[in-house]
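Q: Could you take a close look at one part of this model for me, the strands and how they are put together into sheets? I'd like to see what packs against them too.

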2 protein chains.
Amino acid sequence: MEKRKLSNCGHTHTCNHTVGSHKSCISLVPIFNHLEVEQMDEIMKTVQAASFKKGEIIYQAEDPSDSLYIVNQGKIRIYRLSDSGKEQLVRILNPGDFTGEHALFSESMHESYAEAMVDTSVCVIRRLDLQDFLLKYPSISLKILEEFASRLKQSEKQTAQFATEKVETRIALFLAECYDQEKSSTGTFILPMSKKDLASYLGTTPETISRKLADLEEQGYIKRKTNKRIEVLNLDGLLLI
Amino acid sequence: MEKRKLSNCGHTHTCNHTVGSHKSCISLVPIFNHLEVEQMDEIMKTVQAASFKKGEIIYQAEDPSDSLYIVNQGKIRIYRLSDSGKEQLVRILNPGDFTGEHALFSESMHESYAEAMVDTSVCVIRRLDLQDFLLKYPSISLKILEEFASRLKQSEKQTAQFATEKVETRIALFLAECYDQEKSSTGTFILPMSKKDLASYLGTTPETISRKLADLEEQGYIKRKTNKRIEVLNLDGLLLI
DNA sequence: CGCGGGGTTGAACATTCTCAAGAACTGTGG
DNA sequence: CCACAGTTCTTGAGAATGTTCAACCCCGCG
């Protein structure tokens with residue numbers, strides 16, 4: 001956190017240049033997007049803005065966790081370090097995504113690291129402010145519970161995948177998922193991260209990713225168009241690996 | 001769900017024999033144990049009891065999920081099946097634990113299986129009843145959020161462990177954790193499940209479990225007293241593997 | 001006492017990792 | 001616009017780690 005810039009934009013409405021972007025930031029988040037204008041304004045008063053340069057650490061393991069971070073612009077890498085020092089990429093946050101939720105409702109430490117992948121601006125809500133708000137407007141709790149439930153489901157699914165599937169299968173499933181999400185008409189999609197990050201995310205090495213992609217191409221399931229762009233030739237086949 | 005017995009014990013207070021056990025069941029659960037007597041009674045009115053014989057399935061993947069299950073007596077195995085048909089043990093529920101939370105807040109399907117490991121009785125709360133209750137008493141939401149946050153944290157930790165640690169390390173960490181939880185004065189603990197289940201939980205095979213335990217014993221970290229009872233000789237060593 | 005399931009052990013095999021070297025890409029300054 | 005430096009990516013070969021399959025053991029239970 002070397003050159004971090006913090007500006008409080010809620011209590012005084014003098015810094016007009018950022019208020020607008022906060023609002024759009026907050027309203028992007030599923031948790032909040034059903035709120036009335038007045039409630040939204042109330043939240044806005046407690047929100048702070050912060051920006052981070054590429055490579056800066058937003059929080060790290062062992063830091064006390066007491067804020068929710070919502071991405072306004074940019075990209076954030078969330079990763080963990082194992083006891084043996086190996087890194088695992090947990091997820092990548094894009095505008096509208098948030099992090100910091102795990103410790104928001106219980107006082108505790110972060111167990112992961114958040115790093116700005118590019119210059120990034122975020123909105124910060126402190127735990128106590130959010131808790132007040134939740135007690136006042138219970139409907140938000142249900143939204144958050146929904147989001148938590150969905151993350152939990154996703155995480156348990158991923159755990160099961162690690163436990164039961166081999167690397168090749170995990171890669172194939174990942175490709176299929178990316179393809180699904182982009183649903184471009186060209187039959188192609190773009191890998192959402194570097195192969196290095198992908199390896200870390202899937203619990204393997206860049207070398208293995210490289211080799212398996214070559215295998216999949218050789219077997220006619222996919223075709224590598226450029227470094228990051230991949231064409232899917234046989235989706236059903238991919239899902240059966 | 002062959003011989004499942006359902007009895008509604010809330011709306012009429014005639015079946016005294018079970019009301020007591022429900023109450024103790026509910027009050028065991030962290031989510032509810034801070035409630036006032038009146039609120040508790042209100043919940044009790046919406047709770048149903050169910051019992052399952054050893055081996056019976058409580059719910060399975062694809063079943064619509066609309067209830068929270070709280071274990072009163074017995075043991076429940078929660079597991080998943082991968083696309084390729086392999087099974088992964090997600091967790092084992094003991095009295096006071098609950099399941100069904102993932103889909104409680106969003107309409108969806110179960111993705112896992114719940115099977116009674118022994119004769120088991122549970123309390124069931126339907127989604128809509130619980131949601132009403134949450135909106136009425138927001139403080140419960142915070143408790144549930146806390147529980148969710150803790151599960152999410154745990155699950156992400158486990159995912160990261162699968163992604164970065166080899167089987168031997170995962171086993172060592174698991175042993176250390178069991179040892180911690182039992183903190184018996186004898187320096188021993190009891191494996192909480194069969195080696196078969198343990199293999200499924202840790203994403204490996206019974207053969208590997210067997211071999212690694214033999215290795216750990218040979219290297220002087222542990223000593224197998226009986227089939228399930230293990231003595232820890234060098235905890236620090238275990239944690240460094 | 002024999003049956004069956006879990007548990008253990010061995011040997012061959014499959015998968016993935018590691019290390020090392022070279023190729024391709026990216027961004028930067030001239 | 002090009003050349004260079006620093007990455008990231010790919011490929012190869014050998015080593016480590018786990019899995020599979022098969023045989024056997026052990027113990028509880030009918």
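A: A quick definition to start with: two strands count as paired if DSSP finds at least two bridges between them. Keep in mind that this is a predicted model. With that rule, chain B has an open sheet of 4 strands, in the order β3-β10-β6-β7, and the pairing is antiparallel. At its edges stand β3 (57-59) and β7 (87-93) of chain B; each has a single partner strand, so one side of each is left without a neighbour in the sheet. Direction ignored, neighbouring strands here are turned by 30° against each other on average.

β3(B) is joined by 2 bridges to β10 (residues 113-116) of chain B, and the two run antiparallel. Within that pair, I57(B) sits opposite E115(B) in β10(B). As for packing, helix α6 (residues 195-202) of chain B lies on the sheet, where it touches β6 (76-81) and β7 of chain B. The direction of α6 makes about 110° with that of β7(B).

Chain B also has an open sheet of 3 strands, ordered β12-β14-β13, again with antiparallel pairing. Here β12 (188-190) and β13 (222-224) of chain B are the edge strands, and because each has a single partner strand, one side of each has no neighbour in the sheet. β12(B) is held to β14 (residues 229-232) of chain B by 3 bridges, running antiparallel, and F189(B) stands opposite I230(B) in β14(B). Helix α5 (residues 167-182) of chain B packs on this sheet and touches β12, β13 and β14 of chain B, its direction making about 100° with that of β12(B).

Conventions. Residues numbered from 1 in each chain as written. Chains lettered and ligands numbered in written order. Predicted model: local features only at pLDDT ≥ 70, side-chain atom pairs only at ≥ 80, totals over all residues. Contact = placed C-beta atoms within 7 Å. Axes fitted to C-alpha atoms, helices over the stretch in contact; angles between N-to-C directions.
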